[in-house]
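Grab a pencil and try each exercise before you read its solution. Keep the structure open next to you while you work.

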Amino acid sequence: MQNYLKRLAKENPEIVTLENYGLSYEKRNLTLLRISKKNEHNISKPLIFVDSGIHAMEWIGPSQALYIINQLVENPKNSYLIEKVDWIVIPLLNPDGYEYSHTTNRFWRRTRSKGEKCDGVDPNRNFDIHWMGAGGSSKECSLFYAGPKPFSEPETVALSQAIHKYANRTKLYLTIHSPAQCLLYPWGYTNDPPSNERQLHDLGEKVARAIFAVNATTYDIGSSFNTLNPAAGSSRDWAYGVANISLSYT
Ligand SMILES: [Zn+2]
């Protein structure tokens, strides 16, 4: 994955910039890709922020992110997609867990930070927004363990900083998970609707129709809490509620 990203940046220096935005618990590079026609000379362009692989075992997410990168950079038919919009794509948010899910435990979900009884934290419950609310667990060995404190994990701190850095021109935040066929918008901590629910739902419907048109795959659209499960402390809720990105989806 790292080799592919490095090669892309080398072969397309006018479009692609690689940036290490932090280190994981086990000191692996956390890498993002900026894709920009004018390589960020025009810093007023709107931006789409995509990430994946926060849950280690959800391998299809990083593959999907790499496919998005491939289509934006290497398919000339799609060059119009980077004409007026800049992109940031993070294919792998949790490299330690991803590695562990390959070497040791195929169903590993969490990070790999040292615990007392059990290692790792569910990074998608670790963000500092209604932390340890509905859907987050205080039990160290739970799949949904929210951590000893908000932002206890270097991976979630680094992601929040990266989101924050580009937030003022980010029009859309999308974090890719699997396997549910859902487009989820905030909130994860409460069943109260987000303030722009109509807008979030309408765009979700449009996306779902476009997906259906390809392979007749159906996607459910709704708030995370009401459609899939309660999930307080997620990156999506944080991007929406703290970084003020009004179109934030899982
Ligand atoms: Zn997930």
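**Salt bridges and a metal site**

By the distance rule used here, the count comes to 15 salt bridges. Keep in mind that this is a predicted model.

**Exercise 1.** Find out which parts of the chain the salt bridge between E74 and R7 ties together.

*Solution.* 
- Step 1: Check the contact. The side chains of E74 and R7 meet at 3.9 Å, N to O, and the cut-off for a salt bridge is within 4 Å, so the pair counts.
- Step 2: E74 sits in helix α2, while R7 belongs to helix α1 (residues 2-11), so the bridge ties together parts that are 67 residues apart in sequence.
- Step 3: Look at how open they are. E74 is partly exposed, at 33% relative accessible area, and R7 is partly exposed too, at 37%.

**Exercise 2.** Decide whether R112 and D119 are buried or exposed.

*Solution.* 
- Step 1: Start with the contact. R112 and D119 form a salt bridge, with their closest N and O atoms 3.9 Å apart.
- Step 2: Recall the cut-off: buried means under 20% relative accessible area.
- Step 3: Apply it. R112 has 14% relative accessibility, so R112 is buried. D119 has a relative accessible area of 18%, so D119 is buried as well.
- Step 4: D237 and R236 meet in a salt bridge at 3.2 Å, N to O, and both of them are buried.
- Step 5: Now look for shared partners. Salt bridges of that kind join R7, E11 and E74 into one network.

**Exercise 3.** Work out which residues coordinate the zinc ion, and why the arrangement of its donor atoms is called irregular.

*Solution.* 
- Step 1: Read the spacing along the chain. The donors follow the pattern H-x2-E-x118-H.
- Step 2: H55 is in the loop between β3 (47-52) and α2 (60-74), and H177 is in the loop between β5 (170-176) and β6 (182-185), so the pair ties together parts that are 122 residues apart in sequence.
- Step 3: Check their surroundings. H55 and H177 are both buried.
- Step 4: Test the angles. Four donors count as tetrahedral if all angles lie between 85 and 135 degrees. Around the zinc ion, the four donor atoms subtend angles of 57 to 148 degrees, and that makes the arrangement irregular.

Terms used
Residues are numbered from 1 along each chain as its sequence is written. This is a predicted model: local features need pLDDT of at least 70, side-chain atom pairs count only at pLDDT 80 or more; totals for chains, interfaces and linings use all residues. Side-chain values use heavy atoms; hydrogens and water are left out. Donors are N, O and S atoms within 2.8 Å of the metal (3.2 Å for Na, K and Ca); water is not among the atoms, so sites may look incomplete. Four donors count as tetrahedral if all angles lie between 85 and 135 degrees; four count as square planar and six as octahedral if opposite donors are over 155 degrees apart and all others between 65 and 115; anything else is irregular. Helices (H or I, at least four residues) and strands (E, at least two) are DSSP runs, numbered from the N terminus. Buried means under 20% relative accessible area, exposed over 50%, partly exposed in between (1.4 Å probe, protein chains only).
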